[in-house]
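I want to see who pairs with whom.

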Amino acid sequence: MSDNKLAIDRPTLESLLLKRFFYAPSFGIYGGVAGLYDFGPTGTALQQNLISMWRQHFVIEEDMLEVDCSIMTPAEVLKTSGHVEKFADWMCKDTKNGEIFRADHLVEAVLEARLEGDALARKAAGEQVAEAAKPADDKKAKKNKKKGGPVVATKLDDAVAEELRSILAQIDNYDGQGLGELIKRFDIRNPTTGNEVTAPVEFNLMFESSIGPTGQLKGYLRPETAQGQFLNFSRLLEFNNQKMPFASAMVGRSFRNEISPRSGLLRVREFTMAEIEHFVDPQDKIHPRFDEVKDIKVRLLPGTVQLEGKTEPITITIGEAVAQGIIDNKTLGYFVGRIYLFLMAIGINHDLLRFRQHLQNEMAHYACDCWDAEIKTSYGWIECVGCADRSAYDLTVHANKTKEKMCVRETLPEPLVYDKLVCETNKKVFGPTLKKAAKPVQTYLETLPEAELAKINEQLLADGLAKITLSGTIADGEHAITKDMVEISKKTFTEHVREYTPNVIEPSFGIGRILYSLIEHSFSVRADDEQRAVLSFKPAVAPFKCLILPLSNHASFEKPLRDIARRLRSNGVPARVDDAASASIGRRYARNDELGTPFAITVDFQTAQDQTIIVLVKDLVSGDTTWDDVLGKYELVDTAAGADEE
């Protein structure tokens, strides 16, 4: 892999991952179920190492409060959070065979295939083709068949090609109606059958279930780990001795009933998430450690650039991005920096990483700013980490629903004196007039913004009567308020304690997507042997750190093999012994290259005789020493050269 391009023979990689049991389709002997995977020993170890590094980088270094919350979630919780109504994708079907597509993915794949066909036609005609528009015409790329159908060399008008590129740059900004218009306008069909597809319809992605034997308590498998953290906010605040800001964190399974799971681990129905909820004062989003990341240069794709139909990121420091208002605030910028450092630490290629800002139509219902860390793979740019400012949405809606306070109380250094318009009821008239509606109406009036309360007061003063409309209460409908029922006037208040609902900055990591992206970025084949695949993981994330193998199958090697393996494992270094008599030593090296094992110890006759071996692997794995340090300290023995001399 070069610095800025992926040259992945995906069928070869997928065959390797299956052969070495990184992961495999679940329930395979029963035919499997799309979007569900089992991790084997290698994949499990790799995933756990990623999670361990994530916990060290975030939970431990940031002193976060880690929790583990329930997977099964009552429907009422997710209704309040907005997931029941809004957690959906747009779906369309083949009108003849019923094949299902996620609408935005279908449009994207078909338009990309047309642009690639245009590039092929221009290349055949001898025209200059921009680097970004060049077709994938090498032997390996042809194996990676486009989901948009066969690529046909068909030249497009310059204006049409430019328009398609502009649409693709903004594809995430289209809603169902917009996607439907694109499908009609560009005659987008099922790439396999050529059949027309239906207009997009919403499909809720949550797995529905029931709790208890009667089935009366409706529930869902959680689509994210965030809600459990929000519901425990007051307990976490108390545990943190009422100190703000602070963060909670959680690693766990989430479930989404994907419309058409494809692309291996990139779009699945059950997956591991690692999420952080950083609770911050809405009036003070300055992170105390911001200076540690402000000089980091990152590649940003702001919404303004996307709306111009462009996809080329800008390179800018995080400090500059915050100062210019590209990133909304310092706490959000701080976590963009920390996300970048984590992805670099595990081995993601810097030139194949960008942070893309959400466009308005794709912005989650709770967010006021959101950036996705997108990693380039052979499937294109893949969202792997989301970093959103969720404002105070979640805590506010849950507090309103349950009537439980989810707020912070801070003693002010000096009392705050201010005037506020308030509504007081005349109980002798208010209650008898409104009867059962009295309490809901009173609550409504007491919680109205001051500007709205002022409008009601103007009506009362002018007409002696004002009308209000309630919804979502036991007294829904229109109610008349007369001047003798209430008194609306300015009151002076003195506060010694400030009470506020925190905002939340949420970095959310898709562990499976990061894992797969890392595998692609670590994959290569030997220059002199394309059949010999290599995974070059960093030692910290490698599933197995050290291979131990004998020079031959001599019986005297058995005890040293066991002793070395035991010593490494007892020092926390996963070691794998490969003493299979049926394979040559070269073949053993090759198959452990396929597992991404960074180090090897070959036990020879000298080791068998006097047990002399210098175990440096622990320091190499932990990063306390480097291979260059080792070469500088110890003599390099070239066994091949010695054999030639003999």
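Is Glu270 buried, partly exposed or exposed? I get 33% relative accessibility for Glu270, so partly exposed (buried is under 20% relative accessible area, exposed over 50%, partly exposed in between, with a 1.4 Å probe and protein chains only).

Ground rules: this is a predicted model, where local features need pLDDT of at least 70, side-chain atom pairs count only at pLDDT 80 or more, and totals for chains, interfaces and linings use all residues. Residues are numbered from 1 along each chain as its sequence is written, and side-chain values use heavy atoms, with hydrogens and water left out.

I looked up the partner of Glu270 and found Arg253, in a salt bridge with closest N and O atoms 3.9 Å apart (a side-chain nitrogen of Lys or Arg within 4 Å of a carboxyl oxygen of Asp or Glu). Glu270 sits in strand β11 and Arg253 in strand β10, so parts 17 residues apart in sequence get tied together. Arg253 is partly exposed too, at 28%.

Next I ran the whole structure and got 44 salt bridges. One of them joins Lys19 to Glu594, 3.4 Å between the closest N and O. Lys19 is in helix α1 and Glu594 in the loop between α20 and β26, so this pair bridges 575 residues of sequence. Glu594 is buried at 6%.

Then I checked Arg390 with Glu224, 3.5 Å from N to O. These two are 166 residues apart, each in a loop. Arg390 comes out buried at 0%, and Glu224 is buried at 7%.

Definitions and conventions. Helix = DSSP H or I, 4+ residues; strand = E, 2+ residues; numbered from the N terminus.
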